[in-house]
Protein chains: 2
Amino acid sequence: MVVIDQRRLPHALLHARWYTVANAAAGIADMTVRGAPLIGVSAAYGMALAARSDTSLGALHRAADLLAATRPTAVNLRWALERCLDVARELNDSDREAALRAFAVVLADEDVDQCRRIGAAGLDLIRERAQQAGRQVQVMTHCNAGRLACIELGTATSPVYLAHAEGIDVHVWVSETRPRNQGAALTAWELADAGIAHTLVVDNAAGHLLTNGLVDLVIVGADRVAANGDTANKIGTSLKAYAAAVAGVPFYVALPWSTFDLGCPDGASIPIEERDEDEVLIVNGGPVGPPATRARNWGFDVTPARFVTGFLTPAGRIAPTDMAAAAPR
Amino acid sequence: MVVIDQRRLPHALLHARWYTVANAAAGIADMTVRGAPLIGVSAAYGMALAARSDTSLGALHRAADLLAATRPTAVNLRWALERCLDVARELNDSDREAALRAFAVVLADEDVDQCRRIGAAGLDLIRERAQQAGRQVQVMTHCNAGRLACIELGTATSPVYLAHAEGIDVHVWVSETRPRNQGAALTAWELADAGIAHTLVVDNAAGHLLTNGLVDLVIVGADRVAANGDTANKIGTSLKAYAAAVAGVPFYVALPWSTFDLGCPDGASIPIEERDEDEVLIVNGGPVGPPATRARNWGFDVTPARFVTGFLTPAGRIAPTDMAAAAPR
C-alpha cells in the first residue's frame, strides 16, 4: 500500500510504502497518515496486509488489536476494524485475504461517496450565502479535514471544493493548528494546490475574525461524534465553536457515518489522546520555552452539542438532536 | 537606559542600551521591550533621552510623535507621552531634562506600586480558592503580563508571585501565545526563574483545560481597557474568556490605571495593530506553510466587558460596570 507521508508536507510530497500490518500500525501511530476517515481506511488496508501472512481468526484479531492501540480518539479506526473482523468471521481461512483486500477498497470507495454527499450538504450553505451577500464567502476551518484526511474532497473542505468547482468565490481562513500545524502544513497546501483562496492565521485569531464579521461560516471535521452530538475534534475546535456562538456565526461539523459513535452517549465518554510534550516544546527543530519548563499535549477537545449548528453528513444537514435517529444501523 | 532584550528570551538574558529617543522608539517598535505597562515607562525614558539633546517643546513634541507611532494598541504609550508633555509644558527649557528624567523614574515607581496593589487584589482570590479546595490552585494566563511586561511583579502574574511568596501552592497554565510565543518564551521563563510550578500548553488547549475542571481562575493582562470595560489584549484572549464563561470559571483582567482609557467608549474604538505576516509564516527560522500561502497577523483582540468577571486594579477588584467611576481623573 502506498500513502502520502503527511509529516513531510508542505515542504515535500513524499510517499511511504506499507508491506505489513506492522508498517500500517506504525504509520498510523507516527501520523504518516492522520485524519479520522483516512485512519479508518488505512486500518482496513492494514487488515488486508495482515491477511497476506496469516488468515487465521486469531492472527486477524491480534492484527486488529495492534492497529486499534495506535490512536484512541478517532472512532473510525475501531469501526473499520470491527467491520473487517465481521467480514473475516463469515468466511473460510482461504477466502479471507481476497475478501479483506476487496473490503478495504469498498471502504475507500464509501469514503469518496460520503465525502461527496457531505460536500453537497454544505455546498447549499455556501451557495445561499454567496447569493445573499453578493461577495466572496468566508469560511473558517480548523486543522485538516481535507482530502489528505480522507481519500478525496475531505469532509469539512468538501463543500469548499464543490463551491469552487461551480465558480463560487470562496475564501478559507486556515488556522495553523498547533502543535502539529496541520492547518498550515496540510490544509494550506491542499488549498494552494487546488487554487482556492485562503489565508493562514494563528489559532488565537479566531475570536477576532469571528466577532468582526470576517467569517460567514465555520466548518470543521470530527474524530468522534457521540450519540448526543458532542463532538471530539482537534484540540482548539471548541474555542472556535464558543466564539462562533458569541458572534452568531453558524458552526457546522462535517463527518462520514464512520465518525458517529452511537454507542458513546456523550463527550465525557470519549477518550482524549495525550501525546508527547515535545510536540509542544520543539518547533522546527528548536525549543520554544526554557529548559526547565514541561508541557502537556492533549490532541483533541470536545465541543458540546449545543454549540453545533448542524452536522453535514452523507444524509444531508442534520440537527444535533436528530443525529441518533438519522444514523444508519 | 538599559533594558532586557525580550526577543532573545528564553534562550539568552541579554541587555540593550538606549542612548537616544530613536533607540527607544526602535526598541519599542521591534519589541525589544513589550508589554503595555513597560511600553509606557519605556516611552517616558525615551522622552528623557530626547531632552538630553534638545529640550525645546517643538523637539519634545516630535519625540513624542516618533514614540507614539511605534505601537497603536497599548494606550499606556500615549498616556505616558501626554503626561511627559504636561511636565515639559510647565517648565523652562533649562529644567526639562532633569524633570523628564525624574518623571520617568516616578512612572517606573508608580508601576511597581500599582503592580503590588493589583497583586493584593488577586491574592485574595487565590487564597480563598486554596482554603476552599484544599489543594493546589490552578491559574491560567495568556501571553506575558508578568514582570517582564512591567517593572516588577507584573499585572496578571502579580497575584501568583504574592501567593507563592506566602507559601500557597499555585500552578500556572502557560499558553504558548502564537505567533510570538510570549507565553512559552517569557512567562514560562519568569515562572521557572521564580521556582513557580507551571506547565506549557498550546493556545488551542484552553477549552479542554477550562471545561474539564483543570482551571480555578483565569487572569490576563490588558493593552487597553475601554470606558465600558471592553478589553483589548493579546490575540486569543477573547477565546479564553468565552471558554471560561462556558465552563463557569472566573475570568479576571489585571491592569494599572495607565491601561484604562476613559476617552475610549468601547472595544470597537480600540485600534488593533496588524503586524508582519512573517511572524505567522516563519517559526524558529523555518516556514510552517507552503510558499504560495499568505497570512494575516492581528496582534490583539477585544474581549467584551460582559465576559470579564472583574478587573484587578490598584484600587482593588472592580466590576466592569464600575470601572469608569473608579478610575482616577
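Begin with the salt bridges across the interface of chain A and chain B, of which the rule finds 2. The model is predicted.

Select A:Arg178 and B:Glu176 to see a salt bridge, in which the closest N and O atoms lie 2.6 Å apart. Then extend the selection to polar contacts: 20 residue pairs, both members at pLDDT 80 or more, are in polar contact between chain A and chain B.

Next, colour the elements of chain A that give two or more residues to the side touching chain B. The helices are H7 (182-194), H8 (206-211), H9 (237-247) and H10 (278-281). The strands are S5 (197-201), S12 (286-287), S13 (294-295) and S14 (300-303). By residue class, this side of chain A divides into 32 nonpolar, 16 polar and 7 charged residues.

S5(A) and S13(B) pair in the parallel sense over 2 bridges. Within this pairing, select A:Leu200, whose bridge partner in S13(B) is B:Ala295.

Now display the whole interface. In total, 55 residues of chain A are in contact with 55 residues of chain B. The size of an interface is often given as the accessible area lost when the parts come together. Here chain A and chain B bury about 4100 Å² between them, with 67% of it on carbon and sulfur atoms. Finally, select A:Asn204, A:His208 and A:Leu239, the residues in chain A that lose the most area to chain B. Together, A:Asn204, A:His208 and A:Leu239 account for 17% of what the chain A side buries.

Note on methods. Residues are numbered from 1 along each chain as its sequence is written. Chains are lettered from A and ligands numbered from 1 in the order in which they are written. This is a predicted model: local features need pLDDT of at least 70, side-chain atom pairs count only at pLDDT 80 or more; totals for chains, interfaces and linings use all residues. Side-chain values use heavy atoms; hydrogens and water are left out. Contact means heavy atoms within 4.5 Å. Buried area is the accessible area (1.4 Å probe) that two parts lose on being put together, summed over both. A salt bridge is a side-chain nitrogen of Lys or Arg within 4 Å of a carboxyl oxygen of Asp or Glu. A polar contact is a pair of N or O atoms within 3.5 Å; within protein, one must be able to donate a hydrogen and the other to accept it, and residues adjacent in sequence count only if both atoms are side-chain atoms. Helices (H or I, at least four residues) and strands (E, at least two) are DSSP runs, numbered from the N terminus. Ala, Val, Leu, Ile, Met, Phe, Trp, Tyr, Cys and Pro count as nonpolar, Asp, Glu, Lys and Arg as charged, and the others, Gly among them, as polar. Two strands pair if DSSP finds at least two bridges between them.
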